[in-house]
Amino acid sequence: MAETIITSETPLTSSQLTPPSRIICRVCQKQFLEYTCPRCNTRYCSLQCYKSHSLRCTESFMRENVVEELRQLQPDDNTKQKMMHILKRFHLEEERESMDEDDSTLSEDTIQKIMSGHQIGFDDLSAEEKKRFQRAVASGELSKLIEPWDPWWLKPSARTISLSREGTQLIRPLANQEPVTCPLDGPESHLFHDVPRGPETPLPPVSKLSSTEPSPLLAIHLVDIIYSYCFTLRLYNGDWQSDPIGSAMVVISLSSVLGESGKPETVLEALSHCLEQTCSPAFRHIGGLQFGLVVLDDVSSLLLLGGTVLVCLLCDLQRLIQTAEGELKSEQPRKSKRAEVRRKLKIAERKTYFIMCWVHEQLGEAWSSLSAMVKAEKLSALEFASNRGETMRMENKGETRNKHLIEEVQ
């Protein structure tokens, strides 16, 4: 018996929903429908048809999602103070550059409120002020007012870190200070110190964490993880606490080991993936290859500092991931995508802890040779780029082994 194909505009009835009746998509008129738009009741078959059936529906859906996300962002006092400081600096900078102009981004009334300590939100601005403020954000003028962050691993204090034989912090915080631990503590707790604190509890031997011998490729995997950590901290200007979930997503996006269960076998392969992600459309605006080469210097510097510093780095990364997990748990239940993110973060946190315990057991001589390999790969990339003298881009295809880190755009 042949199927009945229904193309009418009339609402569905119980008889029409039973086999063998089927209904054609009202958008493409090709496939059988599977979904109904909750706004206009248009019947469609796929995501592509949903996007094209009505701009009014899709745009309002996206707008409502963005508004809902913004409503859930509750800035703390520290975040408000930072924004007030930026707005004050922006006004003072604007006054210096436009002494003869009356076209100020903020009105005098708004400026007086800011200078007197009042809390000013975006909704408190006039329509014209909102337009000017948005133009300043889009042009990058506000970003120039953010004070540059000095990575903690480049500070002299990074060379004086000491941990106990069990991997714990030798110097404990004073009783009247907020303690800083590797597990969750406050989002701003480690800002009291130049260098992230190490574990508060002894690190177990790797043999107690796994019944099998550690992979001989763990040193290569460590390079991948260090790169993703340094990239994330530079991206967030050292303040990953401002957006733990976003920071954790950057980490697992950059790291094939933490985000994709990758197992690179050479330093070249590990760095190729990291640099490819750095030059991808998602992160290209940050600085592309030049930014990636700076991060390679960070990786090399951290390896030269030795295992103690690396344990503190991995403990800070674990703290970052755990904070993101905690925020995800506190959010209202959402789609299965959130559950998948939590699963990935849990796996990444376990891998980070395992490799932290492994690093603690390694001899110091191993890190200097690994640092030299990272430097060699960076020099190779620079030499290749300078010899070509052409616009470069990352090779973003399947196998990266035995290939140049960058290639000429044809």
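Is Glu-340 buried, exposed or partly exposed? Glu-340 counts as partly exposed, at 34% relative accessibility. Here buried means under 20% relative accessible area, exposed means over 50%, and partly exposed lies in between (1.4 Å probe, protein chains only).

## The model

This is a predicted model, so local features need pLDDT of at least 70 and side-chain atom pairs count only at pLDDT 80 or more, while totals for chains, interfaces and linings use all residues. Residues are numbered from 1 along each chain as its sequence is written, and side-chain values use heavy atoms, with hydrogens and water left out.

## The chain as a whole

The chain has 15 helices and 6 strands. Both are DSSP runs, numbered from the N terminus: helices (H or I) have at least four residues, and strands (E) at least two. Of the 410 residues, 41% count as buried.

Now look at contacts, meaning heavy atoms within 4.5 Å. Take those in the chain with a separation of 6 or more: residues 24 or more positions apart account for 63% of them. The chain exposes about 24000 Å², and carbon and sulfur atoms supply 52% of that area. Accessible areas come from the Shrake-Rupley method with a 1.4 Å probe; for residues, only the protein chains shown count as cover.

## Salt bridges between helices

Side chains of opposite charge can pair when their charged atoms come close. A salt bridge is a side-chain nitrogen of Lys or Arg within 4 Å of a carboxyl oxygen of Asp or Glu. The structure holds 4 salt bridges. One of them joins Arg-234 to Asp-298, with the closest N and O atoms 2.5 Å apart. Arg-234 lies in helix H8 (residues 218–235) and Asp-298 in helix H12 (residues 288–305), so the pair ties together parts that are 64 residues apart in sequence. Arg-234 is partly exposed at 23% relative accessibility. Asp-298 is buried at 2%.

Another salt bridge pairs Asp-297 with Lys-378, and here the closest N and O atoms are 2.8 Å apart. This pair links distant parts of the chain: Asp-297 is in helix H12, Lys-378 is in helix H15 (residues 365–388), and the two are 81 residues apart. Asp-297 is partly exposed, with a relative accessible area of 35%. Lys-378 is buried, with 16%.

## Helix H14

Which residue forms a salt bridge with Glu-340? Arg-343 does, and the closest N and O atoms are 2.6 Å apart. Both residues lie in helix H14, 3 residues apart, about one turn of the helix. Arg-343 is partly exposed, with a relative accessible area of 43%.

Helix H14 (residues 336–361) also supplies the largest share of a positive surface patch, with 3 residues. The patch is formed by Lys-329, Arg-342, Lys-346 and Arg-350. Patches are made of residues with over 30% relative accessible area and no salt bridge; like charges are joined within 9 Å, and nonpolar side chains (Val, Leu, Ile, Met, Phe, Trp, Tyr) within 5 Å. Lys and Arg count as positive and Asp and Glu as negative, while His and the chain ends are not counted. The place of a charge is taken as NZ of Lys, CZ of Arg, CG of Asp or CD of Glu. Lys-346 sits in H14 and is partly exposed, at 36% relative accessibility. Thr-352 is also found in helix H14, but Thr-352 is buried, with a relative accessible area of 0%. Leaving aside neighbours within four places in sequence, Thr-352 is in contact with Leu-258, Leu-314, Leu-317, Gln-318 and Ile-321.

## A covered helix

How many of the 11 residues of helix H9 (residues 244–254) are buried? The count is 9, so the helix is mostly covered. The buried residues include Pro-244, Gly-246, Val-250 and Leu-254.

## Loops

Asn-237 is in the loop between H8 and H9. Asn-237 has a positive phi of about 55 degrees, although it is not a glycine. This residue is partly exposed, at 30% relative accessibility. Ser-261 has a positive phi of about 55 degrees and is not a glycine. Ser-261 lies in the loop between helix H10 (256–259) and helix H11 (267–278), and is partly exposed at 47%.

Ile-24 is in the loop between strand E2 (21–23) and strand E3 (35–36). Ile-24 is buried, with a relative accessible area of 9%. The C-alpha atoms of Ile-24 and Glu-34 are separated by 9.2 Å, and these residues are 10 apart along the chain.
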